[in-house]
Amino acid sequence: MAAPAHSYRMYIDGKWTDASSGATYALPNPATEESVGIVPDATREDMQRAIGAARKAFDEGPWPKSTPQERARVLNQIADGIERRKEKFREVLIAAHGVEYLTHQVQLEVPITLLRTYAELALRFEFEQLLPIQSVQGPMGPMVVSSMAYHQPVGVCGMIPTWNFPLFVSVQKLGPALATGCSMVFKPSPLGPLIDLLLAEVVEESDLPAGVYNVVCGESAELGIELTESPYVDKISFTGSVSTGKRVMEAASRTLKRVHLELGGKSAAIILDDYDLRAGAPGAASPAYFHAGQGCAMHTRVLVSRERHDELVENMSGFVKSFVKIGDPADPKTILGPVIRGERRESIERYIESGREQGADLVCGGGRPAELSKGYFLEPTIFANVKNDMKIAQEEIFGPVVSVIPFEDEDDAVRIANDSSYGLSGGILSNDTTRALAIAKRLRTGGVTINNANNLLYSPFGGFKESGIGREGGMWGLHEYSEVQAISWKA
Ligand code: NAD
């Protein structure tokens, strides 16, 4: 018999609370379909209460006035707190999000280091930037003016993270917001709020004043709408789909909130002709299968020269069949776990069907693994001879499906990579770094990795085009959570 699901509460103004209606809902384990937790299903009134707490903490509390040293100390305390509870976080990532051991580095270890990095950046950020002295002609005669650009915290932040890399995404918001002195309300995804509730347990143990960090969870989109429409919220940081991002921006425009959007992607990896296809097939295939392909920046289009197309496809499918073991993420040998919900799997299957209908070659996968009767599993799938105007090449599938697209020459590869409404990430696989760098600079994407190298701690992260607005990560993150003020005085 399955163990009884644990009940969780929300965190508002430093106190644990149920939904005011008393309503709850259950979260399934995507690998077993059994319940892993019961969480409050909050109302708009609960959200208003949390916004009120964050507003009061910002307007009247000590946190926005705290020193960078104090903020760094608290950020490190929170990193320590996650470290202490690491096994609990790991358990929830596996059971509630289907996270495979292979990705624990980025799902668990990197976010802890990221918080420590934000502590370091809080100490290095130039909150006060002195500007060149000016001699000006004032109404009463000449005047020498000193001035500074001063970075105030942006204010109360409405945080809408998502479920696929839950700790990483939430820390990319929490870290810079605390480093700059903001207060906040997190509204986690209804598909996965537990990581933010565990973070609240860690925050409670830290010296962060009550009301600075609040978490309100529930199934209804009304909670996100309340947050984006509220006149008491200064900024929205949203991670999710393009369609919801557009609604968030529209609603936020009524109060002219600052809006930061981290949205989807349809990223292309370009394989240059010097790249060894036999040794390199995992390099081309695996970035698309991490976490069952549920990643915004994954390289789900693989671009290769027409002459080498068939060889690559053969090597990739050989690699996938021999290496990508599908199954329960609680098993450390599993490479590919389930997708998050049954409806999401059905949506991926509709894309697979459209790929077949539009004439792409289904090389491997495409179905549900026969040996797994429970859980939302899908086989790793490769389409070959894909044309870039096909639906599977243009739309984000968010599942373990890769499209291999042939190109004629380097310019054609760049054209195909850029022929997308998205612009989040891209990849180049080559031993010629000079040539790869030159191509990277022609890609209209917020990030490019060469041979899958990635700096997750200090780099800016965000999208061109419909992949988003704004940048998380590094010093760019601190700028996003600041409001710049010009202060001048007579020297
Ligand atoms: P989604 O758009 O379905 O939902 C995101 C959140 O928005 C949920 O919490 C939902 O409750 C809330 N919401 C729904 N309607 C709303 C409204 N009108 N106003 C405010 N909030 C509302 O996205 P999802 O399926 O949860 O996440 C997957 C998407 O996230 C993919 O497109 C993926 O590429 C993207 N993503 C982007 C990044 C990035 O950093 N760029 C990172 C991870 C995931």
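Predicted model: local features only at pLDDT ≥ 70, side-chain atom pairs only at ≥ 80, totals over all residues.
Local features need pLDDT of at least 70 and side-chain atom pairs count only at pLDDT 80 or more, while totals for chains, interfaces and linings use all residues. Residues are numbered from 1 along each chain as its sequence is written, and side-chain values use heavy atoms, with hydrogens and water left out.

**View 1. The shell around the ligand.** 27 residues surround the ligand, with Ser-241, Thr-244, Leu-263, Arg-344 and Glu-396 the closest; a residue gets in if one of its heavy atoms lies within 4 Å. Sorted by class, that's 13 nonpolar, nine polar and five charged residues. (Ala, Val, Leu, Ile, Met, Phe, Trp, Tyr, Cys and Pro count as nonpolar, Asp, Glu, Lys and Arg as charged, and the others, Gly among them, as polar.) Domain 1 (6-263 + 468-490) and domain 2 (268-457) each put in at least three residues, with the bounds coming from an automatic or database domain assignment.

View 2. A polar contact here is a pair of N or O atoms within 3.5 Å. Thr-244 has a side-chain N or O atom 2.7 Å from an oxygen atom of the ligand. For Trp-163, a polar side-chain atom lies 3.1 Å from a ligand oxygen, and for Gly-240 a polar backbone atom is 3.3 Å from one. On its own the ligand has 870 Å² of accessible area, and the protein covers 90% of that (Shrake-Rupley method, 1.4 Å probe). Elements giving two or more residues to the shell are α7 (222-229), β11 (235-239) and α8 (242-253); α8 gives the most, with three. Helices (H or I, at least four residues) and strands (E, at least two) are DSSP runs, numbered from the N terminus.

**View 3. The antiparallel sheet β6-β7-β21.** This open sheet of three strands pairs antiparallel throughout the order β6-β7-β21; two strands pair if DSSP finds at least two bridges between them. β6 (128-138) and β21 (482-490) are the edge strands, each with a single partner, so one side of each has no neighbour in the sheet. Neighbouring strands are turned by 25 degrees against each other on average, direction ignored (axes are lines fitted to C-alpha atoms, and angles run from 0 to 180 degrees between N-to-C directions). Nine bridges join β6 to β7 (residues 141-153), and Ser-135 has Val-144 in β7 as its bridge partner.

**View 4. The mixed sheet β1-β5-β4.** Here three strands form an open sheet in the order β1-β5-β4, with mixed pairing. Two bridges join β1 to β5 (residues 35-40), and these strands run parallel. His-6 has Gly-37 in β5 as its bridge partner.

Definitions and conventions. Polar contact = N/O pair within 3.5 Å; in protein donor to acceptor, adjacent residues only side chain to side chain.
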